Amino acid sequence: MKVYKLKYKQQINGSIEEVFDFFMSPKNLSKLTPRKLNFKILTPTPIKMKEGQLIDYRITLFGKRIHWRTMISDYCEPDMFVDQQIKGPYLLWHHKHEFIKIDNRSVEMIDEVHYIIPYSILGRLAHCLYVKRELENIFKYRNKIINNLFK
């Protein structure tokens with residue numbers, strides 16, 4: 001199985017506490033997700049971010065609703081947290097969010113995602129033709145929204 005990796009870095013204006021507070025709130029994920037995915041959190045709020053926390057979402061891909069469940073597998077406030085897919089469209093989804101204080105007014109955020117697509121050779125083809133580009137577009141969208149929110 002092919003493990004793919006995405007890594008994005010972004011400098012964010014704000015204190016590490018402000019930036020981490022924003023990202024530790026699952027409700028803010030909907031602000032960072034393109035509308036075409038029809039992202040919806042299914043887990044009742046408020047959700048307390050902590051190691052072991054399960055969070056259920058729904059997204060729409062190719063007109064089909066997909067249930068996605070993640071677990072916070074590592075959590076160290078305000079430095080990082082990891083969400084891992086328990087159920088969803090990937091065989092593996094491991095997303096590490098890291099926050100590095102640059103100074104009192106800015107933070108470097110590093111998103112690192114490891115993922116495996118199902119369906120063997122068909123999955124590899126789908127990755128080349130669609131998945132990689134879509135994930136890159138989602139992270140570009142996030143970057144733009146984050147820059148607008150943290151001016």
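**Exercises on a predicted model**

S106 is part of strand β7, which spans residues 106–116; strands (E, at least two residues) and helices (H or I, at least four) are DSSP runs, numbered from the N terminus. This is a predicted model, in which local features need pLDDT of at least 70, side-chain atom pairs count only at pLDDT 80 or more, and totals for chains, interfaces and linings use all residues. Residues are numbered from 1 along each chain as its sequence is written, and side-chain values use heavy atoms, with hydrogens and water left out.

**Exercise 1.** Decide whether S106 is buried or exposed, and list what S106 touches.

*Solution.* Step one: buried means under 20% relative accessible area, exposed over 50%, and partly exposed in between (1.4 Å probe, protein chains only). The relative accessible area of S106 is 4%, so S106 is buried. Step two: contact means heavy atoms within 4.5 Å. Not counting residues up to four places away in sequence, S106 touches Q11, I12, N13, G14, I100 and K101.

**Exercise 2.** Classify N38 by accessibility and find its contacts.

*Solution.* N38 sits in the loop between α1 and β2 (40–41). Its relative accessibility is 45%, so N38 counts as partly exposed. Leaving aside neighbours within four places in sequence, N38 is in contact with R58, I59 and T60.

**Exercise 3.** State which residues of helix α1 (residues 16–23) are buried and what covers them.

*Solution.* The buried residues in α1 are I16, V19, F20, F22 and F23. They lie on the same side of α1 because they cover an arc of only 155° around the axis, taken from the directions from the helix axis to the C-beta atoms. Their cover includes β1 (4–13), β4 (64–76), β7 and α2.
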